[in-house]
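Q: I have a model open and want to read its features one by one. Where do we begin?

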Amino acid sequence: MTEYQNNKHRPAETLRDGNIKATIWRNFGEKGAYYRTQFSRSYKDLNGNYHETSTFNGADILKIGRLAERAYDIEQKLRQQDREAQKEQQS
C-alpha cells in the first residue's frame, strides 16, 4: 500500500487556536504532491452537539491570520521534504 493510500483520509497536519482549526491536506496530481489548507470553527449547538463551520466572526479573523502564517511555514517544510524524498528515490 502506498503512502497516499495509507493517509488517504488523514490530514498532513492540523493546527488549532481555541475553537479555530487549520487543516493541511496533502493531495496528489500529475506533478506530484500539493497542499491545501482548510479553516474551520467548531461550535456546540443548543443540544450539546459539536459542529464545524467555515464562517467566522471578527474575533476569529486574528486567529485565522496567525494560523495561516503557521500553515504556510508547515506547507513549505512539507514541500521541501517531498522534494528531498523525490531526489532520494531518483538516485
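**Charged pairs, strands and a helix**

A: The side chains of Arg79 and Glu75 meet in a salt bridge, with N to O at 3.2 Å. Keep in mind that this is a predicted model.

Q: Where do Arg79 and Glu75 lie, and how many residues apart are they?

A: Start with the general idea. An α-helix has 3.6 residues a turn, so residues three or four places apart point the same way. Here, both Arg79 and Glu75 lie in helix α2. They are four residues apart, about one turn of the helix.

Q: Is Glu75 buried or exposed?

A: Glu75 counts as buried, at 12% relative accessibility.

Q: How many salt bridges does the structure hold?

A: Side chains of opposite charge can pair when their charged atoms come close. The structure holds four such salt bridges. One of them joins Glu52 and Lys21, at 2.7 Å from N to O. Glu52 lies in strand β4 (residues 50-53) and Lys21 in strand β2 (residues 20-29), so this pair ties together parts that are 31 residues apart in sequence.

Q: What is the relative accessibility of Lys21?

A: For Lys21 the value is 14%, and the residue counts as buried. Glu52 is partly exposed, with a relative accessible area of 49%.

Q: Which residue forms a salt bridge with Arg26?

A: The partner is Asp82, and the closest N and O atoms are 4.0 Å apart. Arg26 lies in strand β2 and Asp82 in helix α2 (residues 58-90), so the pair ties together parts 56 residues apart in sequence. Arg26 is partly exposed, with a relative accessible area of 21%. Asp82 is also partly exposed, at 24%.

Q: Now the strands. In what sense do β1 and β2 pair, antiparallel or parallel?

A: In a regular strand the side chains alternate between the two faces of the sheet. Here, strand β1 (residues 13-17) pairs with β2 in the antiparallel sense, over five bridges. The hairpin of β1 and β2 has two residues between the strands. In that hairpin, Gly18 takes a positive phi near 65 degrees.

Q: How many bridges link β2 and β3?

A: There are ten, again in the antiparallel sense, with β3 spanning residues 32-44. Thr23 has Gln38 in β3 as its bridge partner. A hairpin joins β2 to β3 through two residues.

Q: What does Thr53 touch?

A: Thr53 sits in strand β4. Leaving out residues up to four places away in sequence, Thr53 touches Ser40, Arg41 and Tyr43. Its side chain also makes a polar contact with the side chain of Thr55, at 3.1 Å.

Q: Which residues of α2 are buried, and what do they pack against?

A: The buried residues are Asp60, Ile64, Leu67, Ala71, Ile74, Glu75 and Leu78. They pack against β1, β2 and β3.

Definitions and conventions. Residues numbered from 1 in each chain as written. Predicted model: local features only at pLDDT ≥ 70, side-chain atom pairs only at ≥ 80, totals over all residues. Heavy atoms only, no water. Buried < 20%, exposed > 50% of the residue type's maximum accessible area, 1.4 Å probe, protein only. Pairing = 2+ DSSP bridges. Polar contact = N/O pair within 3.5 Å; in protein donor to acceptor, adjacent residues only side chain to side chain. Contact = heavy atoms within 4.5 Å.
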